[in-house]
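Hello! Here are a few notes to read with the structure open beside you. Take the points one at a time and find each residue as you go.

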Amino acid sequence: MSKKALIIDDDEMTLMCLKNLLKQEGYEFDSAENGNEGIEKLKASSFDLVFIDFNLPDMGGDAVLSKIKENGSNYGKSVLMSGDENLKGEFEKKGFMFFLHKPIKKSQFKEFVSKL
C-alpha cells in the first residue's frame with residue numbers, strides 16, 4: 001500500500017518540486033491551491049503527510065491546521081513550509097510536527113523523509 005501526501009500551496013515551483021520528490025519516494029499525492037480547498041480534500045480522503053504553506057491566499061497555514069483538527073480530518077503528519085526561517089523555531093507551537101524551509105532542496109527533503 002503506497003503512502004499518500006497532500007500539498008497545500010499556491011506556488012507552482014514548490015508544487016512541481018514536491019510532486020517530483022514525493023514521486024521519487026513512492027508517494028501518491030494530491031494538491032490544493034488554498035486552505036479551503038485543502039480542508040475539503042482532507043474531509044474526502046486521508047493522507048499520511050500534509051504539507052501546508054504558511055502564507056496561503058485565503059488563510060495562514062496555522063489556521064488551516066486548526067480547521068483540519070476541528071474537523072477531525074485524518075491528516076497523518078503535518079509539515080509547515082515557509083521561506084521565513086524564523087518560523088522554524090515556531091512550528092511546534094503552531095501545532096505542526098515538521099518544518100521545511102522554502103525553497104525546498106532535494107538534500108533537505110531526503111533528510112526529512114529519513115526521519116519519518
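1. A definition to begin with: a helix axis here is a line fitted to the C-alpha atoms over the stretch in contact, and the angle between two axes runs from 0 to 180 degrees between their N-to-C directions. Please also keep in mind that this is a predicted model.

2. Now try that on α2 and α3. Their axes cross at roughly 25° and come within 10 Å. Angles under 35 degrees count as roughly parallel, and α2 and α3 are therefore roughly parallel to each other. The crossing of α2 past α3 is right-handed.

3. Which residues of α2 and α3 make the contact? From α2 they are Gly35, Ile39, Leu42 and Lys43, and from α3 they are Val64, Lys67, Ile68 and Asn71. Sorted by class, the residues of this contact of α2 with α3 are four nonpolar, two polar and two charged.

4. Compare the pair α1 and α4. Helix α1 covers residues 12-24 and helix α4 covers residues 106-114; they pack at about 45°, with axes 11 Å apart. That angle makes α1 oblique to α4. The crossing of α1 and α4 is right-handed. Leu18, Leu21, Leu22 and Gln24 of α1 meet Lys106, Phe109 and Lys110 of α4. The contact of α1 with α4 holds four nonpolar, one polar and two charged residues.

5. Next, look inside. The largest nonpolar core has 20 residues, and those touching the most other members are Ile8, Leu42, Val50, Ile52, Val64, Ile68 and Leu80. Two or more residues of this core come from each of β1 (3-8), α2 (35-44), β3 (49-53) and α3 (61-71). With three residues, α3 gives the most to this core. Another core lies apart from it and has 17 residues, including Ile7, Leu15, Phe98 and Phe112.

6. Not counting residues up to four places away in sequence, isoleucine 52 touches Ile8, Gly61, Val64, Leu65, Ile68, Val79, Leu80, Met81 and Phe96.

7. Last, is serine 78 buried or exposed? This residue of strand β4 (residues 77-82) has a relative accessible area of 1%. Buried means under 20%, so serine 78 is buried. Leaving aside neighbours within four places in sequence, serine 78 is in contact with Val50, Leu65, Gly95, Phe96, Met97 and Phe98.

Notes:
Residues numbered from 1 in each chain as written. Predicted model: local features only at pLDDT ≥ 70, side-chain atom pairs only at ≥ 80, totals over all residues. Heavy atoms only, no water. Core = buried A, V, L, I, M, F, W, Y, C linked by side-chain atoms within 4.5 Å. Buried < 20%, exposed > 50% of the residue type's maximum accessible area, 1.4 Å probe, protein only. Helix = DSSP H or I, 4+ residues; strand = E, 2+ residues; numbered from the N terminus. Contact = heavy atoms within 4.5 Å. Parallel < 35°, antiparallel > 145°, perpendicular 65-115°, else oblique. Left-handed = near helix turned anticlockwise from the far one by under 90°. Nonpolar A, V, L, I, M, F, W, Y, C, P; charged D, E, K, R; others polar.
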